[in-house]
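Hi everyone, thanks for making time. Let me put the structure up, and then I'll walk you through a few parts of it.

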Amino acid sequence: MSFLPLAKTYALSSVLAFAAFSELRPEGWTRNRALLCGALLGLAVCARLPMAILLPVVLVHGLAASTAGRRTERGLALAAGFGLALVPALVTFALAPEAFWFGNVGYHALRSETGLVENLSQKLWVVRWLLGAPTFESVASNPRAFGSVAPQLSGLLWANLGYLALMARRRRSFPPALSFVLGLSFVSILPTPSYPQYFAILVPYLCLNAVALLVKITTMGTRGPALAGSLAAFACALTLVFGGLGAQRVVVRGWPLVGVAGPTDAPNRRVPHLREVAAAIDALVEPGEAVLAEWPGYLLESEGRSVPGFENHFAHIAARALPADERRRFHVLSKADLLSMVGERRVRVAVVGLWTPDVLGEALRPALLRAGYRLHRRIGATEVYLRHLR
């Protein structure tokens with residue numbers, strides 16, 4: 001739950017993009033298929049803006065497979081489907097262009113002190129992680145870390161690099177799946193900070209390219225089929241071993257995982273714990289009542305709602321660079337705004353516990369006590385505070 005998978009858009013945008021990819025047929029588009037492909041891709045962009053990088057990729061591959069006399073018609077059909085799917089986003093932009101830009105681009109630029117697309121050293125760290133360097137380093141320095149690594153993604157990336165080199169050496173045109181990997185890799189490494197989780201959207205295409213590489217290997221002389229079979233067996237064994245270890249790490253141990261401080265912190269991140277916290281909140285608030293929750297995941301199954309302007313626990317980081325009028329306009333609360341809200345006792349219930357950037361909880365706890373809030377209930381490392389009469 002540390003990355004709120006139920007509330008993030010990776011899965012939805014990936015499914016829509018893959019559905020659009022599935023409409024790229026070797027025999028080319030019909031008009032209806034081009035229209036459907038554009039609509040699916042437009043919906044993927046509505047779900048997650050970086051998916052827009054796939055529009056030229058889809059256009060090039062779709063038109064290349066179509067007959068020369070029908071390419072203009074197919075291109076217009078693709079554009080029509082894409083445009084229709086973007087109507088909700090375009091209406092939102094027309095109603096509030098500054099807020100739309102801030103929510104999709106400006107906010108993310110303010111999360112980092114180095115800007116939206118800078119900090120090369122951090123991006124290089126992500127690349128090293130993806131290619132498996134920290135995996136081997138951690139196991140070499142601590143054999144107990146063997147069960148905490150997941151090299152499947154690294155293996156897929158290396159296979160795709162091999163496939164890319166093979167296609168370039170033979171001067172063949174890139175298949176659509178390889179073009180999707182290149183485009184999505186670019187937009188995944190572009191933001192600052194970049195995180196390995198962004199590259200989850202590549203996995204379907206990485207798998208397809210890995211299979212295509214094995215097929216190519218089978219044609220390389222008399223030993224090709226045996227080599228391809230050996231590699232496929234090794235890949236299956238790797239997936240079973242590390243997939244099982246990964247499942248045990250996520251489902252049973254809950255550590256080590258990104259966002260989990262250690263073994264003692266793991267119970268605080270489990271779904272039953274979050275449901276218990278949500279039930280404790282619901283026992284105190286009316287449906288729709290604003291709750292100051294240090295982490296929005298506490299409210300995912302609660303009747304309460306986030307304090308407006310603090311729906312994201314990175315909000316106070318981005319707000320540091322905004323003047324007061326822009327914070328009000330874009331609904332982003334600074335750390336000072338949150339402490340002022342507590343000091344003025346404008347919310348009845350506050351929840352503190354899980355990690356947030358800038359260690360917000362260390363400032364919230366004493367502020368709550370000074371303002372007359374009392375610790376109502378402690379659930380693991382999570383504390384629910386209730387406003388009391390003075």
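**A pocket, a sheet and some caution**

Let's start with the second largest pocket: its lining has 17 nonpolar residues, 4 polar ones and no charged ones. Keep in mind that this is a predicted model. The space in that pocket comes to about 540 Å³. Who sits around it? The lining counts 21 residues, and G155, L156, A159, L231 and A235 are the ones nearest the centre. As for helices, α9 (152-169), α11 (203-218) and α12 (224-253) each bring at least two residues to that lining.

Okay, on to the sheet. In what order do the 5 strands of the open sheet run? Going across, you read β2-β1-β3-β5-β4, and the pairing is mixed. If you zoom in on β2, it pairs with β1 (residues 290-293) in the parallel sense, over 2 bridges. One to look for is V291, whose bridge partner in β2 is S306.

Now find helix α13 (residues 271-282), which lies across β1, β3 (349-352), β4 and β5 (382-387). Relative to β4, α13 runs at about 145 degrees.

The chain has a mean pLDDT of 84, with 89% of its residues at 70 or more. Residues 1-6 are below 50, though that stretch still has 17 contacts in the model beyond near neighbours in sequence. Residues 142-149 are also below 50, with 14 such contacts.

Key. Residues numbered from 1 in each chain as written. Predicted model: local features only at pLDDT ≥ 70, side-chain atom pairs only at ≥ 80, totals over all residues. Heavy atoms only, no water. Pairing = 2+ DSSP bridges. Helix = DSSP H or I, 4+ residues; strand = E, 2+ residues; numbered from the N terminus. Contact = heavy atoms within 4.5 Å. Axes fitted to C-alpha atoms, helices over the stretch in contact; angles between N-to-C directions. 1 Å grid on protein atoms, 1.4 Å probe; cavity = no way out; pocket = protein on both sides within 12 Å on 5 of 7 lines; lining within 4 Å. Points joined across faces, edges and corners; volume = space filled by probe spheres on them. Nonpolar A, V, L, I, M, F, W, Y, C, P; charged D, E, K, R; others polar. pLDDT = per-residue confidence, 0-100.
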